[in-house]
Structures are given as structure tokens and as C-alpha cells.
Amino acid sequence: MTDLQSLKTRFGIIGNYPALNRALEKAIQVAPTDISVLVMGESGVGKEFIPKIIHGESRRKHQPYIVVNCGAIPEGTIDSELFGHEKGAFTGATSTRKGYFEVADGGTIFLDEVGELPLQTQVRLLRVLESGEFMKVGSSQIQKTDVRIVAATNVNMLNAIHDGRFREDLYYRLNTVQIDMPPLRERKGDIHLLYRKFAVDFAEKYRMPELVLTDDAVNYLEKYPFPGNIRQLRNLVEQMTVVEQNRTVNSVKLAEYIPTTTNLPAVVQKNGAGISNSEFNSEREIMYKILFDMRNDLNDLKSLTSELIKNRGNNDFSNQEKNLINRVFTPETQVQNSGSLLYFENNNANQYQNPTIISEGNDDYDDVEDIEIEETKPDSLSLQNNERELIVKALEKHKGRRNKAAEELGISQRTLYRKIKQYNLED
Ligand SMILES: Nc1ncnc2c1ncn2[C@@H]1O[C@H](COP(=O)(O)OP(=O)(O)OP(=O)(O)O)[C@@H](O)[C@H]1O
Ligand SMILES: [Mg+2]
């Protein structure tokens with residue numbers, strides 16, 4: 001049986017934490033069988049290594065290995081993607097098509113984000129798992145296939161079952177063996193190891209000297225909870241490698257790069273390679289991404305503040321507070337007042353002037369009443385244009401493959417899917 005160290009080297013897996021070792025050992029152990037495996041763990045913990053190991057260590061290793069991201073395929077087409085369809089089965093089905101379960105015969109299918117499968121697909125999946133039988137969409141002919149299933153999820157499946165979104169029988173069928181990937185915050189001892197690996201990789205990739213952490217920065221990193229796990233650490237190191245001028249980073253500098261919310265300015269991941277296209281990967285675009293995320297954070301803060309202001313009641317603001325409100329909620333972000341008006345004396349954005357709150361026909365601050373602040377508007381048009389442009393580029397680069405494009409953009413496939421709709425990029 002493959003030993004753990006050589007497995008880690010082969011797959012580029014860093015870390016020695018006991019729960020990580022247990023997960024990898026379990027994968028090696030079950031690999032030669034056909035048992036279904038469910039990989040559980042938070043986002044970014046490295047779940048995708050497990051099906052690769054299981055396939056690579058099994059008798060199926062020379063047969064197809066297919067990754068299906070269940071959350072990224074639209075509900076209307078997922079049955080046809082997985083099981084194929086007959087010619088004429090639905091509008092646009094101009095020819096018969098094989099599905100992944102037919103193509104992967106003899107091999108392994110990795111069902112990522114399995115919790116996102118629609119219920120009607122879950123029925124088909126249960127059948128193929130239990131009997132190896134399936135039917136193409138629009139066909140009544142039963143076909144056989146021999147596929148090993150590894151599934152992964154970062155959502156609580158028991159909640160999904162409780163809410164009626166996931167079939168309990170399918171869950172127990174998928175979960176014959178469960179492998180849990182530990183979150184990075186539990187693996188304190190692995191954090192610096194992972195940091196160094198990524199720092200070396202990105203230094204080489206961007207042809208820059210390696211970024212070294214001071215002891216207090218290592219300490220800081222080890223205390224940080226990493227909600228985005230290893231993916232977040234990887235993206236952090238990449239950003240710092242590209243953006244940071246000084247090649248030694250202390251805790252104060254480091255803190256500037258670590259978000260205080262989970263809304264990360266994630267940049268890239270994939271096979272230790274980061275973004276592979278230098279044109280796409282310009283520093284400017286990385287900065288745009290950071291800007292988008294900062295802008296989102298700011299909008300969230302503004303919404304929160306407006307809620308707090310609303311709840312505080314009227315006539316309850318000092319002059320200094322009114323000034324601040326006026327300064328933060330510019331006319332573009334819709335400061336409104338239902339009785340007397342709350343607005344700027346001077347709207348010229350280029351010319352700085354202390355904003356003033358005035359009420360209609362009266363310059364007296366204390367007359368300001370009934371302040372109502374609406375939701376802040378979303379990103380400005382130019383930021384949206386840039387975001388759209390980035391998405392188009394990523395889709396072009398990956399020839400329309402949304403999973404790759406999402407990975408490159410550092411966003412979830414679901415978010416990408418939503419944005420494709422939002423920007424009408426569906427063709
Ligand atoms: N132990 C590790 N050593 C080196 N790199 C790792 C390790 N674990 C994870 N990574 C890297 O972190 C990134 C995220 O891992 P992966 O894509 O497997 O996350 P995931 O658990 O599938 O997350 P999600 O639920 O969001 O899909 C990848 O680039 C992966 O190569
Ligand atoms: Mg994944």
C-alpha cells in the first residue's frame with residue numbers, strides 16, 4: 001500500500017496534522033474497493049484531493065475520472081449531462097448524447113457540491129448507485145454502467161435532509177464511508193508550512209524574491225481563523241507576493257491583507273499554478289478584484305449604519321453626527337428625508353467642501369427631522385463594467401468552461417452563474 005509521505009509528495013499535499021493524515025490514510029484504504037465515499041469539510045480545505053487519490057490508487061486509475069460540479073450545472077440540463085439524452089428528448093436535443101455515467105464506465109465520477117443536486121436527479125442517482133442502471137433522458141431503455149462515486153460537500157447534509165432538499169436514502173448510500181477534512185484553523189502547525197510552500201511557488205511564478213514572514217507575522221497567521229481555509233491562505237500569499245513592495249512582512253503589514261469579514265478578495269487557485277495567463281493576471285486586474293470586494297464591504301457597512309440610524313429615532317443627532325452622515329451618504333447613495341430634506345449644499349465631487357445638512361427653507365441643523373436612509377446603491381457602473389470584462393475574459397480563456405473560469409476569478413461557480421445571468425453573458 002502507498003505510504004503517506006509518497007502520496008503527499010505525489011499529490012502536492014502539505015501538512016502533518018493527525019486528522020489530515022487520518023483522512024488521507026482512509027482514502028488510501030478505501031481506494032481499492034468500490035465503496036461510495038462522501039468527503040465533508042469546509043470550503044477550501046482540500047476536499048478535491050480525496051477523489052483524486054481514491055481514483056489514482058484504485059484499479060480504475062487508467063479509466064476515466066470525471067469531475068461534476070453539481071452546483072454549477074443548471075437544473076434543467078443536469079439529468080442530460082449526467083445520464084445523456086435521446087435525440088428529440090427536448091427542444092434543442094438534435095442528436096443522441098452520452099452522459100457522464102456512460103462515458104465514465106469503468107472509472108470514477110467525483111460529484112462535487114453534491115448537496116446541490118436537484119431532487120429529480122437524486123432519484124436517478126440513487127438508482128444508478130444501487131443497481132448500476134440508468135436511462136437516458138427521453139429514453140425507456142435501461143443501460144448498465146460500472147462507475148465508482150466519490151461525492152463532496154461543504155454544507156450540512158443533515159440540515160438539507162431536514163429541509164427536504166436532500167433524500168435521506170441517497171445520503172446514506174453516498175455516505176458508506178465518510179472522510180472529514182479538518183479546517184485550517186485546527187491545523188496551526190501546518191499553517192507556516194503551507195505558507196512557505198505557496199510563497200516559494202508564487203515567487204517562482206512571478207519571478208520575484210520569496211516573501212518572508214517575521215516571527216510575529218507567523219504568530220499572527222497562526223492565530224487567524226481562516227474562514228476560507230487553505231484556498232484563502234493561498235490567495236493571500238499570491239496577493240502579497242504581487243502587491244507587497246517589501247520582501248519581509250511583519251504582523252502589521254500582514255494584517256492589512258487579511259480581511260475582517262469572510263468576503264475575501266480571493267484571487268486564484270488550481271494545482272499550485274495560480275493564474276496561468278500572464279495577460280489576464282496583470283496586477284491591475286488583481287487590484288480591481290480587491291476593489292470590488294472592498295466596495296462590497298463598504299456597501300454592507302453603509303447598509304448596516306443606515307439600519308442603525310433608522311432604529312435610533314429622529315431628532316437624535318448631534319451636529320457632528322449629521323456632518324458624518326452627510327459625508328458618508330453622498331447624494332448617489334440616496335440620503336432621503338421624508339419631511340424636511342437632508343442633502344448636500346455642494347454636489348461637486350471634485351471640489352471638496354465640508355458637507356452640510358440643511359433642511360428645506362431653514363439652515364438650522366436642529367430642524368432636521370424624519371431622516372430616512374435607503375439601501376445604498378450597488379457598485380458604480382465602471383466597476384461593474386470591469387467586473388463584466390473580467391468575467392468575459394475568464395470565460396473566453398477557458399472556452400466557456402464555467403468551473404475553470406470561476407476558479408480563476410476566485411469566486412464560487414454559483415456566484416459566477418448568477419453574474420453571467422446578471423450581465424446577460426449566457427451565449
Ligand atoms: N494540504 C494542502 N496542501 C497544499 N495545497 C492544498 C492543501 N489543501 C488544499 N490545498 C489547495 O487549496 C485550494 C483549495 O482546495 P480544494 O479546491 O480542494 O478545496 P475544497 O475543499 O474542494 O473547497 P470547496 O468546498 O470550496 O470546493 C486548492 O488550490 C488546493 O490545491
Ligand atoms: Mg471543491
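In this predicted model, Gln 120 has a relative accessibility of 38% and so counts as partly exposed, since that class lies between the limits of 20% for buried and 50% for exposed. Gln 120 belongs to helix H6, which covers residues 119-131. Apart from its neighbours within four places in sequence, Gln 120 is in contact with Glu 75 and Asp 79. Glu 75 stands 45 residues away from Gln 120 along the chain, yet the C-alpha atoms of the two are separated by 9.4 Å.

The strands were examined next. Strands of a sheet pair through backbone hydrogen bonds, and the pairing is either parallel or antiparallel. Here an open sheet is built from 5 strands in the order E2-E3-E6-E1-E7, and the pairing is parallel. Its edges are formed by strand E2 (65-69) and strand E7 (177-180), each of which pairs on one side only. From one strand to the next, the twist averages 20°. Within this order, strand E3 (residues 108-112) is joined to strand E6 (residues 148-153) by 4 bridges in the parallel sense. One of the residues involved is Leu 111, whose bridge partner in E6 is Ala 151.

Two helix pairs were also examined. Two packed helices are described by the angle between their axes and by the distance between those axes. Helix H1 (residues 4-11) packs against helix H2 (residues 18-30) at an angle of about 90°, and their axes are 11 Å apart. Angles of 65 to 115 degrees count as roughly perpendicular, and H1 and H2 are therefore roughly perpendicular to each other. On the H1 side the contact is made by Leu 4, Leu 7 and Lys 8, and on the H2 side by Asn 21, Leu 24, Glu 25 and Ile 28. By class, these residues divide into 4 nonpolar, 1 polar and 2 charged.

The second pair consists of helix H9 (residues 188-205) and helix H10 (residues 215-223), whose axes come within 9 Å and cross at roughly 125°. This angle makes H9 oblique to H10. The crossing of H9 past H10 is right-handed. In H9, the residues that take part are Lys 188, Ile 191, His 192 and Tyr 195, and they meet Val 218, Leu 221, Glu 222 and Lys 223 in H10. The contact of H9 with H10 contains 4 nonpolar, 1 polar and 3 charged residues.

Note on methods. Residues numbered from 1 in each chain as written. Chains lettered and ligands numbered in written order. Predicted model: local features only at pLDDT ≥ 70, side-chain atom pairs only at ≥ 80, totals over all residues. Heavy atoms only, no water. Axes fitted to C-alpha atoms, helices over the stretch in contact; angles between N-to-C directions. Helix = DSSP H or I, 4+ residues; strand = E, 2+ residues; numbered from the N terminus. Parallel < 35°, antiparallel > 145°, perpendicular 65-115°, else oblique. Contact = heavy atoms within 4.5 Å. Nonpolar A, V, L, I, M, F, W, Y, C, P; charged D, E, K, R; others polar. Buried < 20%, exposed > 50% of the residue type's maximum accessible area, 1.4 Å probe, protein only. Left-handed = near helix turned anticlockwise from the far one by under 90°. Pairing = 2+ DSSP bridges.
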